[in-house]
Amino acid sequence: MAHAWADGTLPHALKRLAKAQVLILDDFGIEPLGAAERKELFEVLEDRYQQSSTVVTSQLEPKDWHAVIGDATLADAILDLLVHNGHHLRLAGESIRKADANLIKERKQVQ
């Protein structure tokens with residue numbers, strides 16, 4: 001989004017994101033959102049609301065997303081758009097990345 005803002009294509013980028021059948025926000029919450037990022041996220045989610053699917057993956061529980069989003073009012077609005085009519089799936093077990101690393105390590109030991 002920062003690149004789109006810098007080169008003047010932000011409105012076009014926001015429209016493309018709004019029209020995607022499925023939007024995936026991977027690793028949401030790794031770092032706090034800035035003011036512009038909060039506003040852009042809200043705009044995209046509002047345009048997509050009840051129109052198309054949005055998948056969010058995060059290491060954080062949704063109750064902790066307020067702190068990542070920052071502004072309390074926008075956080076409430078964003079979470080309302082994400083949580084209303086949403087499904088929350090909690091995955092358990094070891095990270096697939098860790099499992100893959102262990103498998104590679106085992107294969108090297110066999111060779």
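Visitor: Which residue just after α3 takes a positive phi?

Guide: This is a predicted model, and local features are read here where pLDDT is at least 70. Most residues other than glycine have a negative phi. Just after α3, a positive phi of about 55° is taken by Gln 50.

Visitor: Where does Asp 27 lie, and what is its phi?

Guide: Asp 27 belongs to the loop between β1 and α3, and its relative accessible area of 26% makes this residue partly exposed. Although Asp 27 is a residue other than glycine, its phi is positive, near 60°.

Visitor: Is Asn 85, which has a positive phi, buried or exposed?

Guide: Asn 85 sits in the loop between α5 and α6 (96-110), where its phi is about 65° although the residue is not a glycine. The cut-off for exposed is over 50% relative accessible area. With a relative accessibility of 56%, Asn 85 counts as exposed.

Visitor: Which elements do the buried residues of α3 pack against?

Guide: The buried residues of α3 are Arg 38, Glu 40, Leu 41, Phe 42, Val 44, Leu 45 and Arg 48. An α-helix has 3.6 residues a turn, so residues three or four places apart point the same way. The elements against which the buried residues of α3 pack are α2 (10-19), β1, β2 (53-56), α4 and α5 (72-83).

Visitor: Which backbone oxygens does the side chain of Arg 48 reach?

Guide: Arg 48 is buried without a salt bridge, and the nearest side chain of opposite charge, that of Asp 47, lies 9.0 Å away. Beyond four places in sequence, Arg 48 touches residues including Leu 17, Lys 19, Val 22 and Thr 54. Its side chain reaches one backbone oxygen at 3.5 Å, that of Ala 18, and another at 2.4 Å, that of Ser 53.

Visitor: How many residues apart are Arg 90 and Glu 61, whose side chains meet in a salt bridge?

Guide: The N to O distance of this bridge is 2.7 Å. The pair links distant parts of the chain, with Arg 90 in the loop between α5 and α6 and Glu 61 in the loop between β2 and α4, so that the two stand apart by 29 residues.

Visitor: What is the arrangement of the aromatic pair formed by Phe 28 and Trp 65?

Guide: The structure holds 1 aromatic pair. The centres of Phe 28 and Trp 65 lie 5.1 Å apart and their planes stand at 70°, which makes the pair edge-to-face. Because Phe 28 lies in the loop between β1 (22-25) and α3 while Trp 65 lies in helix α4 (residues 65-69), the pair ties together parts 37 residues apart in sequence. Phe 28 is buried at 11% relative accessible area and Trp 65 at 7%, and the arrangement of their rings is edge-to-face.

How values were computed: Residues numbered from 1 in each chain as written. Predicted model: local features only at pLDDT ≥ 70, side-chain atom pairs only at ≥ 80, totals over all residues. Heavy atoms only, no water. Buried < 20%, exposed > 50% of the residue type's maximum accessible area, 1.4 Å probe, protein only. Lys, Arg positive; Asp, Glu negative; His and termini not counted. Salt bridge = Lys/Arg side-chain N within 4 Å of Asp/Glu carboxyl O. Polar contact = N/O pair within 3.5 Å; in protein donor to acceptor, adjacent residues only side chain to side chain. Contact = heavy atoms within 4.5 Å. Phe/Tyr/Trp six-rings, centres within 6.5 Å; stacked < 30°, edge-to-face > 60°. Helix = DSSP H or I, 4+ residues; strand = E, 2+ residues; numbered from the N terminus.
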